[in-house]
Amino acid sequence: MATQEEKIERARKIAMKKMDFIRHFLIYAVVMVVLAIINNTTWSGYQWWLWPALGWGIGIVAHFVSAFIYQGGSLEKRLMQRELEKMEDEE
Amino acid sequence: MRSRKTWVDILGPVFGILTAALSVYALVYLLWIEPFYRGDSYRSFEGAGRDFTAGPGWESQEVTERFEGSFRELEIRNVAGPIVVEGWNQDYVQVRYVKKARTARYLEEFEIEIEPRGSRLSIHPIYRNMPRSPFGSVSFDVKVPSSIKEIRANNISGIINIGNMGAGIEQTLETVSGRIDTERSGNLKAKSISGSIHFASSGKTLDINSTSGRIHGEILGLDPGGSVEIGTISGAVELEVFSGFDADMRLQSVSGSISCDFPVQIIEQKRNKLEGTVGDGTVPFEVKTVSGRISLSR
């Protein structure tokens, strides 16, 4: 059973992750808009800016999943508990 | 009591979905233009193959022109794209081409020069020196009458295909990267750096050279006083020769086998070399390859 402190810490981490994602996305959006403008003002054919959009986009989607969908479950808790027990045994 | 959703909880999923949608779009676009395709060069004509300019980002225009006159010589040069020349029973030359450029404006500027000079018809695209190379490939499909006696085709990246020709038409065909295919020719000179050569010839002289590519040909006739010289660095040479030909023959392969269906009066024979005469031995007949087998069959 998690204590109130643990819950607060966990909630703080989730909130930070969400804010990090928003910042990450805004940087991505600004860079992609700049690249798309450069691409289309110098060359209106081949859309090369989609290469970084794809590569970085996969990273953004992964960040979104970790911030909003999968925020760490019971396995993480059990692993943490096991590590704590090991440390206590060593002491 | 549950607190109300913040703007982060609302915008986060929206941004995530937007990014996923953009990534999927980028993936589809980039796969559609086939960025990793490394197959045969430029074979887009009449849907015969694939062309890296077939995807989005290229404008194309098809033009058909007709040239009256008793042309004896056709000279056609291309940089990128196939050259297809076919004989037909009309008495004029028809040139059909599909040119490609990055935008409609560049397409207008992309000129194809077709110049009748006496008995010669000369065709070639004009690639003006412009930044970022806005001009793409050109596919040529030329129909020629029986008055044509000589064809000279030169390509950099793309196939050369000559078909439906009468016998005795002299052909000089050269490409840097692409296959050469001629159904029937008189005197033939064909050269390809990277690409196979397929031919059928009944002329006096035959000069075939490939750096990297198989050579497969049918020698349907060989006049006395002529010569045959065939060479490749990397690739097999397979020849089907008419019965009763006379040759002063020299076949040599550095690392490949040699097979010959004709009775040879042997002068020298090793695993990778065969020198001798067939019949009267009137025509010099030399085939050389570095890496590949040589076979002569009837």
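1. At what angle do helix α2 of chain A and helix α1 of chain B pack, and how far apart are their axes? Helix α2 (residues 50-69) of chain A and helix α1 (residues 7-32) of chain B pack at about 145 degrees, with axes 8 Å apart. Axes here are lines fitted to C-alpha atoms, for helices over the stretch in contact, and angles run from 0 to 180 degrees between N-to-C directions. Helices (H or I, at least four residues) and strands (E, at least two) are DSSP runs, numbered from the N terminus.

2. Before going further, a word on ground rules: this is a predicted model, in which local features need pLDDT of at least 70, side-chain atom pairs count only at pLDDT 80 or more, and totals for chains, interfaces and linings use all residues. Residues are numbered from 1 along each chain as its sequence is written, while chains are lettered from A and ligands numbered from 1 in the order in which they are written.

3. Back to that helix pair: the crossing of α2(A) and α1(B) is left-handed, meaning that the near helix is turned anticlockwise from the far one by less than a right angle (clockwise would be right-handed). Residues from α2(A), including A:Trp51, A:Gly57, A:Phe64 and A:Phe68, meet residues of α1(B), among them B:Pro13, B:Gly16, B:Ala20 and B:Tyr29. Contact is counted if C-beta atoms, placed from the backbone, lie within 7 Å. The residues of this contact divide into 17 nonpolar, 5 polar and no charged. In this scheme Ala, Val, Leu, Ile, Met, Phe, Trp, Tyr, Cys and Pro count as nonpolar, Asp, Glu, Lys and Arg as charged, and the others, Gly among them, as polar.

4. α1(B) also packs with helix α1 (residues 4-42) of chain A, at about 45 degrees and with axes 10 Å apart. The two helices are therefore oblique to each other; angles under 35 degrees count as roughly parallel, over 145 as roughly antiparallel, 65 to 115 as roughly perpendicular and the rest as oblique. This crossing, too, is left-handed. A:Lys18, A:Met19, A:Phe21, A:Ile22 and A:Phe25 meet B:Val8, B:Leu11, B:Gly12, B:Phe15 and B:Thr19.

5. For the chain contact as a whole, chain B gives 19 residues and chain A gives 21. The chain B side has 11 nonpolar, 6 polar and 2 charged residues.

6. Chain B also has an open sheet of 11 strands with mixed pairing. Its edge strands are β1 (59-68) and β19 (258-260), each pairing on one side only. Strands pair if DSSP finds at least two bridges between them. Within chain B, β3 (residues 83-87) runs parallel to β7 (residues 135-144), joined by 5 bridges, and B:Val85 stands opposite B:Val142.

7. Do look at the hairpin of β5(B) and β6(B): 2 residues lie between the strands, and B:Gly118 in the turn has a positive phi of about 60 degrees. The strands run antiparallel, joined by 7 bridges, and B:Arg117 has B:Arg120 as its bridge partner.

8. Finally, confidence. Chain B has a mean pLDDT (the predictor's confidence in each residue, from 0 to 100) of 86, and 89% of its residues reach 70 or more. Over residues 37-50 of chain B, pLDDT stays under 50. The predictor gives the complex an ipTM of 0.76 and a pTM of 0.64.

Conventions:
Two residues are in contact if their C-beta atoms, placed from the backbone, lie within 7 Å.
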